[in-house]
Amino acid sequence: MIAASLGANIELDTAIADSRQRFTAANPASLARHQAAKQSLPGGNTRAVLYYEPFPLAMTGGEGNRLTDLDGHTYVDFVSEYTAGLYGHRNSLIADAIRKVADSGWVLGAPNPYEARLGEAIVARFPAIERVRFCNSGTEANLMALSTARAVTGRPGILAFEGGYHGGILTFAHGGSPLNAPYPFVLGHYNDVAGTVALIRQHARELAAVILEPMMGGGGCIPARPEFLAMLREETAKAGILLILDEVMTSRLSYRGYHGKVGLKPDLVSLGKYIGGGCSFGAFGGRADILDRFDPSSPNAFGHGGTFNNNIFSMAAGFTGFTQVLTESALTQMNELGDQLRGTMNDLLRQRGVAGTVTGVGSLMNLHFIDGEVSSPHDVDAADPRYLHLWQMEMLLRGQYVTPRGMMALSLPFTRGDIDRFTGIFDDFLAEHRTILPIRR
Ligand code: PMP
């Protein structure tokens with residue numbers, strides 16, 4: 001933890017108390033909703049990531065990259081539904097696709113005209129995905145990929161990385177959650193090449209799969225070093241272990257997915273978030289020889305049920321978004337805007353002498369109030385969480401919707417003007433709070 005002097009500590013706590021007070025005064029309807037929600041939902045919450053102190057803002061709607069809250073304020077949406085909101089709000093083509101489904105009927109209990117077309121588009125775009133199956137969430141996609149790896153290899157174990165997040169019951173921050181799915185996990189250190197080689201070799205005979213994100217998203221937008229990815233591909237292939245790349249978040253970082261961008265060929269890939277066009281979605285795909293085990297017409301096929309695997313809203317909205325809205329140039333432009341935003345924020349932190357860094361790739365980034373490089377979740381743990389809390393409160397009070405953990409995600413409607421306005425506000429924040437933010441050494 002970055003040590004602050006006693007005076008600065010008191011000032012920091014005072015600044016936080018002051019920002020919370022202004023936040024509470026400005027948002028009576030969100031507060032009332034939160035209090036009422038506690039009657040039925042534990043702590044008023046049904047999705048852990050959406051909780052923050054003193055209470056979360058409730059949103060009523062959105063347009064483009066703008067959101068409106070229950071008290072009538074509008075925000076520029078830098079949360080982008082934790083990356084699932086890639087298309088922004090109310091994209092007209094996707095809205096038409098959803099409307100068409102609403103007009104013609106859903107819960108049809110049969111294959112629909114969209115699922116294979118979406119599958120075809122995914123297979124055509126992502127090089128490592130030769131076949132794909134749909135499910136309902138990124139969590140489910142990863143559970144299916146892990147279970148498939150265990151069934152195919154006949155081995156039980158899974159190597160994951162500390163600080164990794166692969167779903168509500170596949171979370172590895174601070175040693176893992178007591179709710180995690182009961183696979184025998186071995187945990188490695190992200191970006192630690194030598195340590196991970198040793199771990200793989202030590203456990204080679206009991207490992208079915210290694211699972212990771214090519215850039216840790218929830219873990220703090222920490223990209224994998226190229227030599228780390230290359231080592232994993234080589235070592236897993238040698239030991240007959242499947243390499244599962246979780247691209248639930250990162251597939252948006254390049255038109256052909258992160259694996260396409262860096263030329264990596266994992267055995268299995270999981271997808272989710274934006275690919276359902278904003279409706280619930282998950283998918284796992286990869287090598288045809290593995291996925292074809294799910295062909296129900298073949299003997300001893302793996303069964304994979306799921307009432308909503310092909311739900312027509314997700315399939316239609318997903319197909320339209322993926323093939324008509326998400327052009328290569330639109331995606332590239334959005335990721336370039338993200339690079340500019342991250343670059344400017346890092347320049348401002350340096351110029352103001354604040355110990356902070358913005359990590360990430362393209363349209364995904366995370367602010368950390370940390371001096372020096374952030375290359376593992378362990379580095380992130382060194383930060384005093386009060387700084388990000390103050391930052392979040394102050395950004396919300398200035399109409400910039402950001403996450404409590406400092407993660408920011410752009411969406412397609414973002415413009416250069418939105419970025420310039422945000423960086424101006426960010427610079428004001430740094431200037432105003434310079435004396436209580438950590439000092440760069
Ligand atoms: N993997 C990654 C990398 C994620 O970021 C998430 C969601 N934050 C998931 C899996 C789980 O996806 P879902 O929330 O759709 O279950």
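Helices (H or I, at least four residues) and strands (E, at least two) are DSSP runs, numbered from the N terminus. The structure described here is a predicted model, in which local features need pLDDT of at least 70 and side-chain atom pairs count only at pLDDT 80 or more, while totals for chains, interfaces and linings use all residues. Residues are numbered from 1 along each chain as its sequence is written, and side-chain values use heavy atoms, with hydrogens and water left out.

The protein is assigned two domains, with bounds that come from an automatic or database domain assignment. Domain 1 comprises 6-77 + 332-432, and domain 2 comprises 92-325. A distance of 28 Å separates the C-alpha centres of domain 1 and domain 2. To the contact (heavy atoms within 4.5 Å), domain 1 and domain 2 contribute 22 residues each.

The size of an interface is often given as the accessible area lost when the parts come together. Buried area here is the accessible area (1.4 Å probe) that two parts lose on being put together, summed over both. Between domain 1 and domain 2 about 1,500 Å² is buried, of which 61% is on carbon and sulfur atoms. Of the area that domain 1 buries against domain 2, 36% is supplied by V361, L364 and P377, more than by any other three residues.

One salt bridge is counted between domain 1 and domain 2, the term denoting a side-chain nitrogen of Lys or Arg within 4 Å of a carboxyl oxygen of Asp or Glu. R225 and E373 form a salt bridge in which the closest N and O atoms are 3.8 Å apart.

On the side of domain 1 that touches domain 2, at least two residues each come from α11 (328-351), β13 (357-361), β14 (364-368), α12 (377-380) and β16 (407-409). Strand β14 provides the largest share of that side, four residues.

Around the ligand (a heavy atom within 4 Å) lie residues including S137, G138, T139, Y165, H166, D246 and K273. A backbone N or O atom of G138 is 2.8 Å from a ligand oxygen atom, and a polar side-chain atom of T139 is 2.5 Å from an oxygen atom of the ligand. The side chain of D246 places an N or O atom 2.7 Å from a nitrogen atom of the ligand.

The structure holds 23 salt bridges.

Two backbone features occur in loops. E53 and P54 are joined by a cis peptide bond with omega of about -5°, and P54 lies in the loop between α2 (28-37) and β1 (59-63). T83, although not a glycine, has a positive phi of about 90°; T83 is located in the loop between β3 (74-77) and α3 (92-104).

Methods: Polar contact = N/O pair within 3.5 Å; in protein donor to acceptor, adjacent residues only side chain to side chain.
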